[in-house]
Amino acid sequence: MTPAERLERLRLIRTPHVGPVSWHQLMQRFGSGEAALAALPDLVLRGGAGKARIAPAELAEREYARAAELGARHVFSDEDDYPPLLREVEGAPPVLIVRGRTDMLRRPCLAIVGARNASAIACRFARQIASELAARDVTVVSGLARGVDTAAHVGALGGATAAVIASGLDIAFPPENAELQEKIACDQLLIAEQPPGTEPLARHFPARNRIIAGVAHGTLVIEAAPKSGSLITARRAGDYGREVMAVPGSPLDPRAQGCNLLIREGATLVQTVDDVLEALGPIDARMVREPARPFVAVAPAHDGNVGDRDAVAQLLGPTPVAVDELVRQSGRAAADVQLVLLELELAGRVTRHAGARVSLA
(Lines give C-alpha, C1' and ligand atoms only; values in the text may rest on other atoms or scores of the structure.)
Protein backbone atom coordinates (compact mmCIF):
# COMPACT_ATOMS: atom_id res chain seq x y z
CA MET A 1 0.00 0.00 0.00
CA THR A 2 1.40 3.39 -0.98
CA PRO A 3 1.86 6.17 1.60
CA ALA A 4 -0.68 8.25 -0.33
CA GLU A 5 -3.31 5.53 -0.10
CA ARG A 6 -2.65 5.09 3.63
CA LEU A 7 -3.20 8.80 4.08
CA GLU A 8 -6.49 8.74 2.15
CA ARG A 9 -7.77 5.74 4.10
CA LEU A 10 -7.04 7.46 7.40
CA ARG A 11 -8.73 10.64 6.19
CA LEU A 12 -11.78 8.55 5.31
CA ILE A 13 -12.24 7.02 8.77
CA ARG A 14 -11.54 10.37 10.47
CA THR A 15 -14.26 12.06 8.38
CA PRO A 16 -17.44 12.91 10.36
CA HIS A 17 -20.25 10.35 10.02
CA VAL A 18 -17.95 7.70 8.53
CA GLY A 19 -18.03 4.77 10.95
CA PRO A 20 -16.44 1.31 10.75
CA VAL A 21 -19.35 -0.22 8.83
CA SER A 22 -19.64 2.63 6.32
CA TRP A 23 -15.83 2.73 5.91
CA HIS A 24 -15.75 -0.93 4.90
CA GLN A 25 -18.75 -0.52 2.61
CA LEU A 26 -17.08 2.42 0.88
CA MET A 27 -13.82 0.49 0.46
CA GLN A 28 -15.64 -2.55 -0.91
CA ARG A 29 -17.60 -0.36 -3.32
CA PHE A 30 -14.76 1.87 -4.57
CA GLY A 31 -11.63 -0.20 -3.86
CA SER A 32 -9.44 2.58 -2.47
CA GLY A 33 -9.48 5.44 -0.02
CA GLU A 34 -8.83 7.93 -2.82
CA ALA A 35 -11.83 6.79 -4.85
CA ALA A 36 -14.06 6.65 -1.76
CA LEU A 37 -13.18 10.22 -0.77
CA ALA A 38 -13.88 11.40 -4.31
CA ALA A 39 -17.33 9.80 -4.22
CA LEU A 40 -18.21 11.04 -0.73
CA PRO A 41 -19.70 14.46 -1.65
CA ASP A 42 -22.22 12.90 -4.03
CA LEU A 43 -23.23 10.22 -1.52
CA VAL A 44 -23.70 12.80 1.24
CA LEU A 45 -25.83 14.94 -1.09
CA ARG A 46 -28.00 11.94 -1.98
CA GLY A 47 -28.41 11.24 1.73
CA GLY A 48 -30.06 14.60 2.23
CA ALA A 49 -27.23 16.71 3.60
CA GLY A 50 -25.23 19.54 2.11
CA LYS A 51 -21.49 19.71 1.67
CA ALA A 52 -19.42 16.78 2.95
CA ARG A 53 -16.94 17.70 5.72
CA ILE A 54 -13.98 15.53 4.72
CA ALA A 55 -11.09 15.26 7.17
CA PRO A 56 -8.15 17.35 5.90
CA ALA A 57 -4.90 15.70 4.85
CA GLU A 58 -3.05 17.68 7.53
CA LEU A 59 -5.05 15.92 10.25
CA ALA A 60 -4.05 12.48 9.00
CA GLU A 61 -0.43 13.55 8.51
CA ARG A 62 -0.21 14.82 12.11
CA GLU A 63 -1.69 11.57 13.39
CA TYR A 64 0.84 9.48 11.46
CA ALA A 65 3.68 11.66 12.71
CA ARG A 66 2.54 11.45 16.34
CA ALA A 67 2.19 7.66 16.14
CA ALA A 68 5.71 7.39 14.77
CA GLU A 69 7.00 9.51 17.66
CA LEU A 70 5.43 7.02 20.05
CA GLY A 71 7.00 4.06 18.27
CA ALA A 72 3.57 2.95 17.03
CA ARG A 73 2.13 2.19 13.61
CA HIS A 74 -1.26 2.06 11.91
CA VAL A 75 -2.54 -1.33 10.72
CA PHE A 76 -5.50 -1.43 8.32
CA SER A 77 -8.02 -4.26 8.25
CA ASP A 78 -6.76 -5.75 4.98
CA GLU A 79 -3.12 -5.91 6.11
CA ASP A 80 -1.40 -9.04 7.38
CA ASP A 81 -0.65 -7.56 10.82
CA TYR A 82 -4.34 -6.98 11.52
CA PRO A 83 -5.82 -9.50 14.01
CA PRO A 84 -7.35 -12.23 11.82
CA LEU A 85 -10.29 -13.02 14.10
CA LEU A 86 -11.19 -9.35 14.52
CA ARG A 87 -11.30 -8.95 10.75
CA GLU A 88 -14.37 -11.22 10.65
CA VAL A 89 -16.38 -9.09 13.10
CA GLU A 90 -19.09 -6.78 11.79
CA GLY A 91 -18.07 -3.22 12.54
CA ALA A 92 -14.43 -4.12 13.13
CA PRO A 93 -12.15 -1.07 13.37
CA PRO A 94 -10.88 -0.10 9.91
CA VAL A 95 -7.51 0.76 11.44
CA LEU A 96 -5.74 -0.05 14.70
CA ILE A 97 -2.80 1.83 16.19
CA VAL A 98 -0.39 -0.66 17.72
CA ARG A 99 2.88 -0.81 19.62
CA GLY A 100 4.58 -4.16 19.99
CA ARG A 101 4.30 -7.66 18.58
CA THR A 102 1.18 -8.26 16.52
CA ASP A 103 2.32 -11.84 15.88
CA MET A 104 1.11 -12.85 19.36
CA LEU A 105 -2.48 -12.55 18.08
CA ARG A 106 -1.77 -15.32 15.58
CA ARG A 107 -1.93 -17.94 18.31
CA PRO A 108 -4.83 -18.98 20.57
CA CYS A 109 -6.11 -15.91 22.45
CA LEU A 110 -8.29 -15.65 25.53
CA ALA A 111 -9.85 -12.44 26.82
CA ILE A 112 -9.97 -12.10 30.60
CA VAL A 113 -12.20 -9.34 31.97
CA GLY A 114 -13.86 -8.51 35.24
CA ALA A 115 -14.72 -6.00 37.91
CA ARG A 116 -12.62 -2.89 38.48
CA ASN A 117 -13.37 -3.13 42.21
CA ALA A 118 -12.56 -6.84 42.24
CA SER A 119 -11.97 -8.76 45.44
CA ALA A 120 -8.47 -9.84 46.41
CA ILE A 121 -9.30 -13.48 45.69
CA ALA A 122 -10.59 -12.61 42.20
CA CYS A 123 -7.39 -10.71 41.38
CA ARG A 124 -5.33 -13.62 42.66
CA PHE A 125 -7.29 -16.07 40.50
CA ALA A 126 -6.93 -13.80 37.45
CA ARG A 127 -3.15 -13.62 37.90
CA GLN A 128 -2.89 -17.36 38.41
CA ILE A 129 -4.98 -18.46 35.46
CA ALA A 130 -3.37 -15.85 33.16
CA SER A 131 0.08 -17.12 34.15
CA GLU A 132 -0.93 -20.73 33.48
CA LEU A 133 -2.45 -19.84 30.11
CA ALA A 134 0.65 -17.87 29.11
CA ALA A 135 2.79 -20.89 30.01
CA ARG A 136 0.71 -22.91 27.53
CA ASP A 137 1.24 -20.44 24.67
CA VAL A 138 -2.15 -18.73 24.96
CA THR A 139 -2.16 -14.96 24.54
CA VAL A 140 -4.10 -13.20 27.32
CA VAL A 141 -6.10 -10.17 26.13
CA SER A 142 -7.63 -7.58 28.43
CA GLY A 143 -8.43 -3.88 28.78
CA LEU A 144 -5.79 -2.60 31.24
CA ALA A 145 -8.48 -1.41 33.67
CA ARG A 146 -8.18 -1.60 37.44
CA GLY A 147 -8.88 -4.90 39.19
CA VAL A 148 -9.20 -8.09 37.16
CA ASP A 149 -7.78 -6.63 33.91
CA THR A 150 -4.58 -5.46 35.61
CA ALA A 151 -4.17 -8.75 37.45
CA ALA A 152 -4.56 -10.72 34.20
CA HIS A 153 -1.94 -8.64 32.39
CA VAL A 154 0.52 -8.94 35.27
CA GLY A 155 0.02 -12.71 35.43
CA ALA A 156 0.69 -13.13 31.71
CA LEU A 157 3.80 -10.89 31.47
CA GLY A 158 6.05 -13.94 31.42
CA GLY A 159 4.33 -15.13 28.24
CA ALA A 160 2.16 -13.06 25.92
CA THR A 161 -0.45 -10.44 26.74
CA ALA A 162 -2.21 -7.80 24.64
CA ALA A 163 -3.83 -4.70 26.16
CA VAL A 164 -6.64 -2.88 24.35
CA ILE A 165 -7.19 0.65 25.65
CA ALA A 166 -10.01 3.17 25.20
CA SER A 167 -7.73 6.20 24.85
CA GLY A 168 -4.86 7.18 22.59
CA LEU A 169 -1.63 5.23 23.02
CA ASP A 170 0.00 8.21 24.73
CA ILE A 171 -2.55 8.43 27.54
CA ALA A 172 -2.52 6.02 30.50
CA PHE A 173 -5.84 5.21 32.13
CA PRO A 174 -6.04 4.57 34.99
CA PRO A 175 -2.94 6.72 35.71
CA GLU A 176 -1.50 4.19 38.14
CA ASN A 177 -1.13 1.73 35.25
CA ALA A 178 1.18 4.02 33.28
CA GLU A 179 4.25 1.90 34.03
CA LEU A 180 2.43 -1.35 33.22
CA GLN A 181 1.08 0.14 29.97
CA GLU A 182 4.58 1.16 28.89
CA LYS A 183 5.97 -2.27 29.75
CA ILE A 184 3.27 -4.00 27.71
CA ALA A 185 3.90 -1.63 24.80
CA CYS A 186 7.64 -2.34 24.89
CA ASP A 187 7.60 -6.11 25.51
CA GLN A 188 4.13 -7.29 24.50
CA LEU A 189 1.34 -5.58 22.51
CA LEU A 190 -0.65 -2.38 23.10
CA ILE A 191 -3.68 -1.66 20.88
CA ALA A 192 -5.80 1.48 20.47
CA GLU A 193 -8.55 2.42 18.04
CA GLN A 194 -8.55 6.09 19.03
CA PRO A 195 -5.93 8.54 17.67
CA PRO A 196 -3.04 9.64 19.92
CA GLY A 197 -4.08 12.35 22.35
CA THR A 198 -7.65 11.03 22.73
CA GLU A 199 -8.93 11.00 26.31
CA PRO A 200 -10.83 7.86 27.45
CA LEU A 201 -14.44 9.03 27.19
CA ALA A 202 -17.38 6.87 28.28
CA ARG A 203 -18.45 6.13 24.70
CA HIS A 204 -15.01 4.70 23.88
CA PHE A 205 -15.23 1.81 26.34
CA PRO A 206 -17.98 -0.22 24.60
CA ALA A 207 -16.00 0.20 21.37
CA ARG A 208 -12.86 -0.99 23.19
CA ASN A 209 -14.78 -3.99 24.56
CA ARG A 210 -15.79 -5.17 21.07
CA ILE A 211 -12.11 -5.31 20.12
CA ILE A 212 -11.24 -7.35 23.21
CA ALA A 213 -14.00 -9.84 22.37
CA GLY A 214 -13.19 -9.78 18.66
CA VAL A 215 -9.49 -10.65 18.79
CA ALA A 216 -9.98 -13.64 21.13
CA HIS A 217 -11.27 -17.17 20.66
CA GLY A 218 -13.12 -16.88 23.95
CA THR A 219 -13.84 -14.55 26.86
CA LEU A 220 -13.53 -15.41 30.55
CA VAL A 221 -15.32 -13.20 33.09
CA ILE A 222 -14.03 -13.09 36.68
CA GLU A 223 -16.41 -11.09 38.89
CA ALA A 224 -18.83 -8.65 37.25
CA ALA A 225 -21.92 -6.74 38.24
CA PRO A 226 -25.09 -7.50 36.22
CA LYS A 227 -24.82 -4.30 34.11
CA SER A 228 -21.03 -4.04 33.89
CA GLY A 229 -18.85 -3.51 30.85
CA SER A 230 -17.43 -7.00 31.37
CA LEU A 231 -20.83 -8.50 30.61
CA ILE A 232 -21.02 -6.33 27.48
CA THR A 233 -17.71 -7.86 26.39
CA ALA A 234 -18.97 -11.37 27.13
CA ARG A 235 -22.18 -10.84 25.19
CA ARG A 236 -20.26 -9.40 22.26
CA ALA A 237 -18.13 -12.56 22.31
CA GLY A 238 -21.29 -14.66 22.20
CA ASP A 239 -22.62 -12.59 19.29
CA TYR A 240 -19.36 -13.28 17.44
CA GLY A 241 -19.70 -17.03 17.96
CA ARG A 242 -16.84 -17.20 20.45
CA GLU A 243 -16.70 -19.17 23.71
CA VAL A 244 -18.05 -17.43 26.82
CA MET A 245 -16.79 -18.58 30.21
CA ALA A 246 -17.35 -17.37 33.76
CA VAL A 247 -16.04 -18.03 37.26
CA PRO A 248 -18.87 -18.66 39.75
CA GLY A 249 -19.07 -16.73 42.99
CA SER A 250 -21.11 -16.30 46.13
CA PRO A 251 -24.70 -15.16 45.53
CA LEU A 252 -24.21 -12.80 48.47
CA ASP A 253 -21.48 -10.86 46.61
CA PRO A 254 -22.89 -8.34 44.08
CA ARG A 255 -19.65 -8.64 42.11
CA ALA A 256 -20.43 -12.31 41.42
CA GLN A 257 -23.98 -11.80 40.19
CA GLY A 258 -22.96 -11.10 36.61
CA CYS A 259 -20.85 -14.25 36.34
CA ASN A 260 -23.56 -16.39 37.92
CA LEU A 261 -26.05 -14.91 35.45
CA LEU A 262 -23.80 -15.79 32.51
CA ILE A 263 -23.49 -19.37 33.73
CA ARG A 264 -27.26 -19.58 34.10
CA GLU A 265 -27.56 -18.39 30.49
CA GLY A 266 -25.21 -21.10 29.25
CA ALA A 267 -21.65 -19.82 29.74
CA THR A 268 -19.05 -22.45 30.62
CA LEU A 269 -18.28 -22.66 34.33
CA VAL A 270 -14.53 -22.28 34.92
CA GLN A 271 -12.55 -23.31 38.00
CA THR A 272 -9.16 -24.25 36.52
CA VAL A 273 -7.06 -23.56 33.46
CA ASP A 274 -7.99 -27.02 32.17
CA ASP A 275 -11.64 -25.92 32.08
CA VAL A 276 -10.62 -23.02 29.83
CA LEU A 277 -8.56 -25.14 27.47
CA GLU A 278 -11.32 -27.73 27.25
CA ALA A 279 -13.86 -25.03 26.37
CA LEU A 280 -11.62 -23.53 23.72
CA GLY A 281 -10.91 -26.92 22.22
CA PRO A 282 -8.48 -27.49 19.33
CA ILE A 283 -7.77 -24.24 17.46
CA ASP A 284 -7.88 -24.53 13.68
CA ALA A 285 -4.65 -22.98 12.37
CA ARG A 286 -6.59 -21.39 9.53
CA MET A 287 -8.46 -19.21 12.05
CA VAL A 288 -5.29 -17.51 13.22
CA ARG A 289 -3.37 -17.43 9.95
CA GLU A 290 -5.99 -16.39 7.45
CA PRO A 291 -4.40 -14.19 4.77
CA ALA A 292 -5.61 -10.63 4.36
CA ARG A 293 -7.96 -9.88 1.48
CA PRO A 294 -7.32 -6.65 -0.43
CA PHE A 295 -10.21 -4.36 -1.30
CA VAL A 296 -11.31 -4.55 -4.92
CA ALA A 297 -13.85 -2.11 -6.38
CA VAL A 298 -17.10 -3.86 -7.32
CA ALA A 299 -19.60 -1.92 -9.43
CA PRO A 300 -23.13 -2.31 -7.98
CA ALA A 301 -25.76 -3.95 -10.15
CA HIS A 302 -28.20 -1.19 -9.18
CA ASP A 303 -27.34 2.24 -7.82
CA GLY A 304 -30.56 2.92 -5.93
CA ASN A 305 -33.21 5.57 -6.60
CA VAL A 306 -35.49 8.01 -4.81
CA GLY A 307 -38.11 5.29 -4.34
CA ASP A 308 -35.62 3.08 -2.52
CA ARG A 309 -34.60 5.93 -0.24
CA ASP A 310 -38.18 6.85 0.58
CA ALA A 311 -39.20 3.24 1.21
CA VAL A 312 -36.36 2.69 3.67
CA ALA A 313 -36.36 6.11 5.33
CA GLN A 314 -40.03 5.96 6.28
CA LEU A 315 -39.42 2.70 8.17
CA LEU A 316 -36.76 4.27 10.40
CA GLY A 317 -37.38 5.77 13.80
CA PRO A 318 -35.58 6.55 17.07
CA THR A 319 -35.73 2.88 18.15
CA PRO A 320 -32.97 0.69 16.64
CA VAL A 321 -34.24 -1.83 14.08
CA ALA A 322 -32.40 -4.71 12.40
CA VAL A 323 -31.24 -4.11 8.84
CA ASP A 324 -32.72 -7.48 7.83
CA GLU A 325 -36.11 -6.25 9.06
CA LEU A 326 -35.79 -3.15 6.87
CA VAL A 327 -35.08 -5.38 3.88
CA ARG A 328 -38.17 -7.49 4.58
CA GLN A 329 -40.55 -4.60 5.20
CA SER A 330 -39.30 -2.34 2.40
CA GLY A 331 -39.43 -5.07 -0.23
CA ARG A 332 -36.14 -3.79 -1.64
CA ALA A 333 -33.02 -5.78 -2.37
CA ALA A 334 -30.54 -6.04 0.49
CA ALA A 335 -27.86 -4.23 -1.56
CA ASP A 336 -30.24 -1.31 -2.22
CA VAL A 337 -31.16 -1.02 1.46
CA GLN A 338 -27.50 -1.05 2.46
CA LEU A 339 -26.76 1.70 -0.07
CA VAL A 340 -29.60 3.88 1.25
CA LEU A 341 -28.41 3.38 4.84
CA LEU A 342 -24.87 4.24 3.78
CA GLU A 343 -26.04 7.50 2.20
CA LEU A 344 -28.17 8.40 5.23
CA GLU A 345 -25.33 7.61 7.65
CA LEU A 346 -22.85 9.73 5.68
CA ALA A 347 -25.39 12.56 5.79
CA GLY A 348 -25.60 12.22 9.58
CA ARG A 349 -29.24 11.08 9.54
CA VAL A 350 -28.73 7.46 10.68
CA THR A 351 -26.90 5.94 13.66
CA ARG A 352 -25.62 2.37 13.65
CA HIS A 353 -25.90 0.13 16.69
CA ALA A 354 -24.52 -3.26 17.72
CA GLY A 355 -26.15 -6.30 16.19
CA ALA A 356 -26.60 -4.79 12.69
CA ARG A 357 -29.29 -2.37 13.87
CA VAL A 358 -29.90 1.24 12.85
CA SER A 359 -32.00 4.18 14.00
CA LEU A 360 -32.57 7.79 13.07
CA ALA A 361 -29.81 10.02 14.44
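Colleague: What makes Asp78 buried?

Modeller: Asp78 has a relative accessible area of 13%, and buried means under 20% relative accessible area, with exposed over 50% and partly exposed in between (1.4 Å probe, protein chains only), so Asp78 is called buried. This is a predicted model, in which local features need pLDDT of at least 70 and side-chain atom pairs count only at pLDDT 80 or more, while totals for chains, interfaces and linings use all residues. Residues are numbered from 1 along each chain as its sequence is written, and side-chain values use heavy atoms, with hydrogens and water left out.

Colleague: Why are Asp78 and Arg9 said to meet in a salt bridge?

Modeller: The term requires a side-chain nitrogen of Lys or Arg within 4 Å of a carboxyl oxygen of Asp or Glu, and the side chains of Asp78 and Arg9 meet at 2.7 Å, N to O, so the pair qualifies. Asp78 lies in the loop between β1 and α5 (84-87) and Arg9 in helix α1, so parts that are 69 residues apart in sequence are tied together. Arg9 counts as buried at 5% relative accessibility, and a network of salt bridges links Glu5, Arg9 and Asp78.

Colleague: What is the count of salt bridges by this rule, and what are the values for Asp81 and Arg73?

Modeller: The count comes to 20 salt bridges. Between Asp81 and Arg73 the closest N and O atoms are 3.4 Å apart; Asp81 is partly exposed, with a relative accessible area of 36%, and Arg73 is partly exposed as well, with 31%.

Colleague: Why is helix α1 described as largely enclosed?

Modeller: Helices (H or I, at least four residues) and strands (E, at least two) are DSSP runs, numbered from the N terminus. Nine of the 11 residues of α1 (residues 3-13) are buried, so the rest of the structure largely encloses this helix. Its buried residues, among them Leu7, Leu10 and Ile13, pack against α2 (20-30), α3 (33-46), α4 (57-69), β1 (73-76) and β2, where contact means heavy atoms within 4.5 Å.

Colleague: What makes a set of residues a nonpolar core, and which members of the largest one touch the most others?

Modeller: A nonpolar core is a set of buried Ala, Val, Leu, Ile, Met, Phe, Trp, Tyr and Cys residues joined through side-chain atoms within 4.5 Å. In the largest, of 33 residues, Leu86 and Val141 touch the most other members, and α9 (204-215) gives the most, with four residues. Apart from it lies another core, of 27 residues, among them Val148 and Val276.
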